[in-house]
Amino acid sequence: MNEWLINLPEDDATFLARVALAFILCLGAIIGSFLNVCIYRIPIGQSVSRPRSHCFGCGRTIPWYLNIPILSWFILRGRCAYCKSPISARYPFIEALTALLFLLVFLMWGNPSLLALNHLQTPELIPILWLFVASTVVNVMIDLDHRILLDRISLIGTPLAIAASAAFPLLQGAMTWHQGLFASLVGAAAGFGIGFAIAWLGERIFLQDAFGFGDVKWLMLFGALFGWSGMLYVLMLAAFLGLLMGLGALAAQRLRHAPDDTAAEHPDAETAPLAIPFGPALGAGALLWLFWGRWVHRGILAAHAWALDHRQAVLLTLVPILLLTTAWLLWRIRAIRRAIREEESAEPPMQELPDADKPDATP
């Protein structure tokens, strides 16, 4: 984009650049407003087009001039114009977040050096990546609300990513269409296989779903879009972010239950399984890799080289931490398995029905 603007007069180039950025931000905010509808309605089976947006308090339809993304919420001070019911701040947040993500995707092609972004070599990929970031926002928010990831995003997005890799092989760092297609197929297979293996092992260790099948299919989409190596980086970033989320959730759980009343009011606080959705960590890892993947790669290589140069100090530091972490994890696994077994044994046995109440076995 800079090479195109440099041939124009300075005033014209500045004006066109500002118009383009304003258009992208407005488009992202409008799409974000639609994403709010999808996040609320899709999990409960409602249409995303009918009925029109309305207030949950009074039920009145919101006119278009009171439904301007971001601005309407601030103008109305976060309340309905009719019944003054509060409107969640999450709506303008999602609209602003989507606008920012759309702008970052555009800058990957227009001016990646501005924010040290990955370089997007062809503008034809911008709509595809816009669709990807929008679907990521929807999946993350639905997972936070309902603990589910939408199959339609993964199962529709995967073939679209494979087709895009064949049409634009530079997406996979390839030169020909069949190289891009092959890299995308291998990435999709690797994402599904690794995710399935993690889910299988987690179920047998924790006696419950530790890695949902929705996560497995989402990893398949990441592999189709980023290739197998990019998918592994996303999974590594997600594991680190998920660890931070888990530690934060544990700390919040401890703060909610004071030490003096935990035993009396919450006897199972220590052993109850802590359910934390992994979708937000996966989505954040995917976005980090999309925008700043090369810096993540360079940082990991630099950290690996530094660890090799100081391997004695690293080992003396990491080995005790690893042993303590392993011991805590084993204790936590035993606590979770014991809680699950106690919950299963506490279920009342089914009473056998009298002969008169038994269903007839004949068809």
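Is Trp 73 buried, exposed or partly exposed, and what is its relative accessible area? I looked this up before anything else, keeping in mind that the model is predicted. Trp 73 comes out as partly exposed, at a relative accessible area of 24%.

**Aromatic pairs.** I ran the ring search next and got 14 aromatic pairs. One of them is Trp 73 with Phe 74: the ring centres sit 5.1 Å apart and the planes make 85 degrees, so I logged the pair as edge-to-face. Phe 74 has 56% relative accessibility and goes down as exposed.

Phe 102 belongs to helix α4 (residues 90–110) and Trp 130 to helix α5, so the pair ties together parts 28 residues apart in sequence. Both Phe 102 and Trp 130 are buried.

**Helix α5 against helix α8.** How do the axes of α5 and α8 cross, and at roughly what angle? I have α5 (residues 126–146) and α8 (residues 213–256) with axes coming within 13 Å and crossing at roughly 165 degrees. An angle over 145 counts as roughly antiparallel, so that is how α5 runs relative to α8. I noted the crossing as left-handed.

For the contact itself, I listed Phe 132, Thr 136, Asn 139 and Val 140 from α5, meeting Trp 218, Leu 221, Phe 222, Leu 225 and Phe 226 from α8. Sorted by class, that contact has seven nonpolar and two polar residues, and no charged ones.

Last entry: Phe 132, Trp 218, Phe 222 and Phe 226 make up one aromatic cluster.

Terms used
Residues are numbered from 1 along each chain as its sequence is written. This is a predicted model: local features need pLDDT of at least 70, side-chain atom pairs count only at pLDDT 80 or more; totals for chains, interfaces and linings use all residues. Side-chain values use heavy atoms; hydrogens and water are left out. Axes are lines fitted to C-alpha atoms, for helices over the stretch in contact, and angles run from 0 to 180 degrees between N-to-C directions. Helices (H or I, at least four residues) and strands (E, at least two) are DSSP runs, numbered from the N terminus. Angles under 35 degrees count as roughly parallel, over 145 as roughly antiparallel, 65 to 115 as roughly perpendicular and the rest as oblique. A crossing is left-handed if the near helix is turned anticlockwise from the far one by less than a right angle, and right-handed if clockwise. Contact means heavy atoms within 4.5 Å. Ala, Val, Leu, Ile, Met, Phe, Trp, Tyr, Cys and Pro count as nonpolar, Asp, Glu, Lys and Arg as charged, and the others, Gly among them, as polar. Rings of Phe, Tyr and Trp (its six-membered ring) pair if their centres lie within 6.5 Å; planes under 30 degrees apart count as stacked, over 60 as edge-to-face and the rest as tilted. Buried means under 20% relative accessible area, exposed over 50%, partly exposed in between (1.4 Å probe, protein chains only).
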